[in-house]
Amino acid sequence: DTFQSLITFSQNHLISLFETPYSSLMSSISPHIACLFTDLSRFLQGTGNVSVEAAVHCFFDSLFPLVHTHIVNPGIAGSIGEDSYNGNQLGDCLRMTRQDVNPFGPHPKAMADTLASALRAGRVLSLTLGVGLEVMNVTEMAELSKECTRALVRMHYCSHCRGLTLIRACSGYCLNVMRGCLASLSELHNPWRQYVTVLQDLTHIVAGAHNLELALLGIRGQVEEAILYAQLHGPRLTATVGVSMHSKNCMLETENMLVNRIFTFTGYISRYKSFFSILPETLCEGEMGIDELTCWSGDDVVKR
């Protein structure tokens with residue numbers, strides 16, 4: 001959910017660039033923005049055969065004809081986007097030559113490299129969380145043996161036959177029953193502990209050197225710099241040099257959202273490293289392990 005929120009925010013952040021100052025491109029570039037972020041989202045989720053680098057370069061290929069005809073050479077703005085054969089032919093030609101002409105300088109490659117590194121770590125973390133969910137779902141559906149079922153009934157209900165409906169099982173008795181019932185799950189302790197360690201390492205990678213949040217929020221800045229590069233190096237200089245402070249302010253306002261959530265998550269998950277090894281104790285510390293003077297031993301009421 002955090003990843004998807006970042007994708008949506010970053011998409012809206014980029015759209016705002018084409019609301020001002022490049023409003024003339026808005027209607028034409030919107031489908032290509034949607035396509036770019038759909039591909040990034042699919043890559044994070046691990047669905048489909050998506051290349052981050054290809055998605056980024058496809059976006060810039062589509063951006064080039066619009067920038068060329070609306071900003072660098074506004075005199076031919078009507079040539080792109082029309083249904084005429086010549087208009088389509090010009091747009092296709094510009095798209096195909098974008099990487100050779102290199103109108104946006106180093107910015108498309110820099111954006112593709114940064115996003116690819118950050119999203120790969122995020123993708124692995126997302127898929128790893130999915131594996132953990134599958135493990136937990138399996139444990140919820142684990143069947144109890146007949147011996148375990150008898151032991152649980154005896155621990156919970158045999159005291160009722162004597163009218164002792166308020167007496168609780170002795171802690172030691174409860175632990176013996178639970179350890180027997182959960183013996184198969186205790187074997188998951190070492191793999192689960194290793195799994196949690198991997199999760200912690202991945203979250204630090206996502207929030208650290210390959211910061212997914214900064215990479216996504218940096219898309220608008222990279223696109224803006226690319227357009228400015230095209231303006232400065234185009235056949236006609238149509239704009240003054242300047243970088244919108246709005247982009248930087250938006251980044252500062254949302255900075256560390258992912259980092260804060262990730263470190264909250266790692267602190268939470270680290271408490272469950274020993275989940276399967278202490279599961280019997282955890283269950284017996286609940287309703288059954290009330291601190292009273294007497295308890296049910298399975299055969300009689302005894303002093304605790």
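## Ser 41 and helix H2

Ser 41 lies in helix H2, which covers residues 26-45. In this predicted model, Ser 41 has a relative accessible area of 10% and is buried, because anything under 20% falls in that class. Beyond its neighbours within four places in sequence, Ser 41 is in contact with Gln 4 and Ile 7.

Ile 29 is also found in helix H2. Ile 29 counts as buried, at 0% relative accessibility. Not counting residues up to four places away in sequence, Ile 29 touches Phe 18, Phe 59, Leu 63 and Leu 66.

## The chain as a whole

The secondary structure comes to 14 helices and 2 strands. Of the 304 residues in the chain, 39% are buried. Among contacts with a separation of 6 or more, 80% are between residues 24 or more positions apart.

Helix H1 has 18 residues, which at 1.5 Å a residue should span 26 Å. The buried residues of H1 are Phe 3, Leu 6, Ile 7, Ser 10, His 13, Leu 14, Ser 16, Leu 17 and Phe 18. An α-helix has 3.6 residues a turn, so residues three or four places apart point the same way. The buried set in H1 includes Phe 3, Ile 7, Ser 10 and Leu 14.

Pro 21 is placed in the loop between H1 and H2. The peptide bond from Thr 20 to Pro 21 is cis, with omega near 5°.

## The nonpolar cores

The largest nonpolar core has 57 residues. The residues with the most contacts inside this core are Phe 18, Leu 40, Leu 63, Leu 115 and Val 223. Two or more residues each come from helix H1 (2-19), H2, helix H3 (52-72), H5, H9, H10 and helix H11 (219-233). H3 gives the most to this core, with 11 residues. A second, separate core has 15 residues, including Met 155, Cys 174, Met 178 and Cys 284.

Leu 63 is one of the residues with the most contacts inside the largest core. Not counting residues up to four places away in sequence, Leu 63 touches Phe 18, Leu 25, Ile 29, Phe 104, Val 223 and Ile 227.

## Leu 216 in helix H10

Leu 216 is found in helix H10, residues 212-217. With a relative accessible area of 1%, Leu 216 is buried. Leaving aside neighbours within four places in sequence, Leu 216 is in contact with Leu 6, Ile 7, Ser 10, Leu 40, Leu 115 and Leu 119. Of these contacts, Leu 6, Ile 7 and Ser 10 are among the buried residues of H1. Leu 216 and Thr 114 are 102 residues apart along the chain, and their C-alpha atoms are separated by 9.1 Å.

## The second largest pocket

The second largest pocket has a volume of about 220 Å³. Helix H5 (107-140), helix H9 (189-207) and helix H13 (257-270) are the elements that give two or more residues to its lining. H5 gives the most, with 5 residues.

Which residues line the second largest pocket? They are Leu 129, Gly 130, Gly 132, Leu 133, Met 136, Trp 192, Tyr 195, Leu 199, Phe 265, Tyr 268 and Ile 269. The lining divides into 9 nonpolar residues, 2 polar and no charged.

## Two further loop positions

Asn 102 is found in the loop between helix H4 (85-101) and H5. Phi of Asn 102 is near 55°, a positive value in a residue other than glycine. At 37% relative accessibility, Asn 102 counts as partly exposed.

Leu 182 is placed in the loop between helix H7 (171-181) and helix H8 (183-186). Is Leu 182 buried or exposed? Leu 182 is buried, with a relative accessible area of 13%. Not counting residues up to four places away in sequence, Leu 182 touches Leu 279, Pro 280 and Leu 283. The C-alpha atoms of Leu 182 and Leu 144 are separated by 8.7 Å, and the two residues are 38 residues apart along the chain.

Key:
Residues numbered from 1 in each chain as written. Predicted model: local features only at pLDDT ≥ 70, side-chain atom pairs only at ≥ 80, totals over all residues. Heavy atoms only, no water. Helix = DSSP H or I, 4+ residues; strand = E, 2+ residues; numbered from the N terminus. Buried < 20%, exposed > 50% of the residue type's maximum accessible area, 1.4 Å probe, protein only. Contact = heavy atoms within 4.5 Å. 1 Å grid on protein atoms, 1.4 Å probe; cavity = no way out; pocket = protein on both sides within 12 Å on 5 of 7 lines; lining within 4 Å. Points joined across faces, edges and corners; volume = space filled by probe spheres on them. Nonpolar A, V, L, I, M, F, W, Y, C, P; charged D, E, K, R; others polar. Core = buried A, V, L, I, M, F, W, Y, C linked by side-chain atoms within 4.5 Å. Expected span 1.5 Å × (residues − 1).
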